Amino acid sequence: MNILTEKFNTPYHSAPFGDIKNEDYLPAFKELIQKSEEEINAIVNNPEAASFENVIEALAYSGEQLDVVSNIFFNLNSAETSDEIQQIAQEVSPILTEYSSKISQNEALFNKIKKVYDEKATYNLNEEQEMLLNETYKGFVRSGALLNEEDKEKLKKISMDLSLKSLQFGQNVLASTNAYFKHITDKEQLAGIPEAIIEQYAEEAKERNLEGWVVTLQYPSYIPFMTYAENRDLRKELALANGKKSFDGGEFDNQNLIKELLNLKQQKAELLGYKNYADFVLEERMAKSPVKVFDFLNELLTKAKPYAAKEIDELKSLAKADGIEEMQGYDHTFYAEKLRKQKFDLNDEELKPYFPLNQVQEAVFRLSGELFGLSFEERNDIPKYHEDVKVYEVKENGNYKSLLYVDYFPRKGKRAGAWMTSYKNQYQQNGENSRPHISIVCNFSKPTKDTPSLLTFQEVTTLFHEFGHALHGMMANTQYPNLSGTSVKWDFVELPSQFLENFCYEPEFLKTFAKNYKTGEILPDEKIEKIEQSKNFMEGYQTMRQLGFGLLDMNYHTKVAELDHKSIKAFEDQYTKDTALYPTNTETAMSPSFSHIFQGGYSAGYYSYKWAEVLDADAFQYFKENGIFNPEIAAKYKVLLSSGGTKDPMELYKNFRGSEPKVESLLKRAFG
């Protein structure tokens with residue numbers, strides 16, 4: 001018997017990681033797809049008249065075990081991959097895409113859905129049921145249910161190609177990231193870099209059986225080097241290596257793959273009756289249209305650019321004092337850190353002792369307790385996929401609420417960055433509230449033999465960001481799995497994550513956990529004040545950077561025809577020139593490693609980070625006006641979190657806040 005095909009015999013039916021073998025996956029997927037297809041056939045062949053219960057609800061609850069196994073497999077492909085898992089992914093992805101297409105293009109099934117949809121006025125549906133019906137019908141139409149047979153086949157092939165090519169994109173970026181390392185044997189070349197970071201580089205060298213020090217393109221290795229290394233030539237070398245990821249014409253180059261992906265998306269949009277892929281995507285977002293997104297991004301661009309220009313001028317003055325006539329992008333982080341230290345006498349290394357990972361995690365746990373009544377207890381009897389992972393049982397006022405997996409440290413089989421994901425969705429069925437299994441994955445510096453894992457302040461906000469997503473998942477309390485947790489409109493999904501980051505800048509909260517791990521000393525008031533003051537440091541630059549990504553994404557998904565006669569580099573340069581603050585380099589491009597839009601779910605959606613900033617600034621302003629731990633407002637916010645996708649997000653927001661979000665809240669927070 002295949003361990004993956006039955007309900008797991010583990011605490012809370014959690015993933016049985018220790019017992020899963022790679023060879024279990026492919027047969028399990030095939031068997032579970034067959035089971036799910038039998039469930040669909042039972043819906044289609046039911047002789048009773050089509051109803052909400054025997055069509056829409058039955059479909060929502062179908063394929064549960066297949067979803068769980070898919071989540072396990074693809075989460076491991078991101079967090080603990082191997083050549084074997086990547087090979088299985090290449091085999092599994094088209095099978096799953098074909099299965100998905102088969103359901104979405106099942107004419108008999110769609111006819112039943114359409115019948116219920118057309119007769120919905122005769123049903124006494126509650127708000128969540130009506131949302132499920134509308135989303136189900138729209139989902140089928142957007143998957144080609146109204147197309148003729150020939151076009152359905154075309155769409156199916158496009159979907160399979162997109163699935164495989166986006167998978168390949170991510171694998172290329174990971175391979176390209178892992179392929180480079182800088183071996184240093186002369187310690188003088190590490191001048192300016194704090195000893196704790198140098199110790200990490202020595203550990204990395206040791207792991208590779210090398211003398212000296214090794215710097216990689218992994219975030220915890222690369223960023224400190226760019227921040228502190230006085231050796232400008234080496235900063236340039238590292239920046240060029242980073243900028244060449246999947247852009248060097250080699251085995252892992254993604255340039256042609258980008259064009260193929262964008263052309264496939266355009267074909268898909270046109271087949272479904274849309275002008276371009278952005279039109280197709282945005283129909284289902286809060287923003288609704290590309291025009292509204294471009295207007296939103298350009299309004300912020302106009303307001304942020306003068307602040308950004310002023311910030312860069314300050315950095316250029318510092319660089320000039322060091323004899324640098326023309327500052328480059330690879331100088332930015334180094335001089336920004338110098339300026340930050342000059343302005344606020346604050347640097348990451350002096351703050352890090354106050355932010356050991358265990359204390360920061362404990363702080364976010366306590367905050368969740370104060371706001372939402374949650375508690376966290378580590379469980380050592382729940383299987384995990386790597387020794388670095390920890391698992392917590394989450395309770396709400398003493399009752400089981402969720403499982404939370406945390407995976408904090410980089411390793412070869414883990415992609416870069418930080419993310420939240422789920423192994424199992426929350427839903428209610430037959431009187432049982434089946435609770436979710438949520439995971440946070442980050443890439444923080446590993447502890448060494450002498451030092452615990454110490455976070456930069458930016459990493460503190462990263463942990464809070466991902467935990468905000470996790471709360472959205474853990475607090476879920478809906479009827480149906482496909483409306484649960486983070487299953488919301490994409491430009492609403494970043495609100496809970498970005499909202500939680502705000503607490504990191506609040507003195508009364510910081511004092512509860514920012515304590516020196518050696519002495520127990522609380523972070524001094526003057527440093528807390530400087531953190532507050534530095535909150536908007538380089539905000540103009542950061543805003544321009546995010547707007548650059550957002551505008552590039554929107555242009556890729558509205559102007560794909562231009563790529564017939566333009567290189568990826570030329571396209572990127574053209575549509576980021578209004579936000580570029582440094583000269584472009586002919587040898588580098590960021591698009592070939594822009595995984596958010598070519599591998600993740602942010603295609604025609606990267607703007608949502610700034611969109612959600614408006615929401616989070618406005619939401620936190622509400623707390624600030626009434627007390628950041630205000631129980632009544634926390635209770636209203638909890639309703640927003642637990643409602644998932646059961647309501648229109650603007651309606652959810654207005655129910656919480658009492659009004660629509662105001663862009664002025666963001667501008668006030670960012671620029672005063």
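**Exercise 1. Find which element gives the most residues to the lining of the largest cavity, and describe that cavity.**

Solution. Helix α3 gives the most to this lining, with 4 residues, where helices (H or I, at least four residues) and strands (E, at least two) are DSSP runs numbered from the N terminus. The structure is a predicted model, in which local features need pLDDT of at least 70 and side-chain atom pairs count only at pLDDT 80 or more, while totals for chains, interfaces and linings use all residues. Residues are numbered from 1 along each chain as its sequence is written, and side-chain values use heavy atoms, with hydrogens and water left out.

The next step is the search itself: over the whole structure, 3 cavities of 30 Å³ or more are found. A cavity here is a set of points, on a 1 Å grid over the protein atoms alone, where a 1.4 Å probe fits but cannot get out, and lining residues have an atom within 4 Å of a point. The largest cavity has a volume of about 120 Å³, a volume being the space filled by probe spheres set on the grid points, which are joined across faces, edges and corners.

The lining of the largest cavity includes Glu64, Asp67, Val68, Asn71, Lys424 and Tyr427. Two or more residues of the lining come from each of α3 (64-79) and β7 (427-429). Sorted by class, the lining holds 5 nonpolar, 4 polar and 3 charged residues, with Ala, Val, Leu, Ile, Met, Phe, Trp, Tyr, Cys and Pro counted as nonpolar, Asp, Glu, Lys and Arg as charged, and the others, Gly among them, as polar.

**Exercise 2. Determine which helix gives the most to the lining of the second largest cavity.**

Solution. By class, 3 nonpolar, 5 polar and 4 charged residues make up the lining.

**Exercise 3. Work out what the side chain of lysine 424 reaches, and which side chain of opposite charge is nearest to it.**

Solution. Lysine 424 belongs to strand β6 (residues 419-424). Lysine 424 is buried, that is, under 20% relative accessible area, whereas exposed means over 50% and partly exposed in between (1.4 Å probe, protein chains only). Lysine 424 has no salt bridge, a term that requires a side-chain nitrogen of Lys or Arg within 4 Å of a carboxyl oxygen of Asp or Glu. The nearest side chain of opposite charge is glutamate 64, 5.3 Å away. The side chain of lysine 424 instead reaches the backbone oxygen of arginine 435 at 2.7 Å.

Key: 1 Å grid on protein atoms, 1.4 Å probe; cavity = no way out; pocket = protein on both sides within 12 Å on 5 of 7 lines; lining within 4 Å. Lys, Arg positive; Asp, Glu negative; His and termini not counted. Polar contact = N/O pair within 3.5 Å; in protein donor to acceptor, adjacent residues only side chain to side chain.
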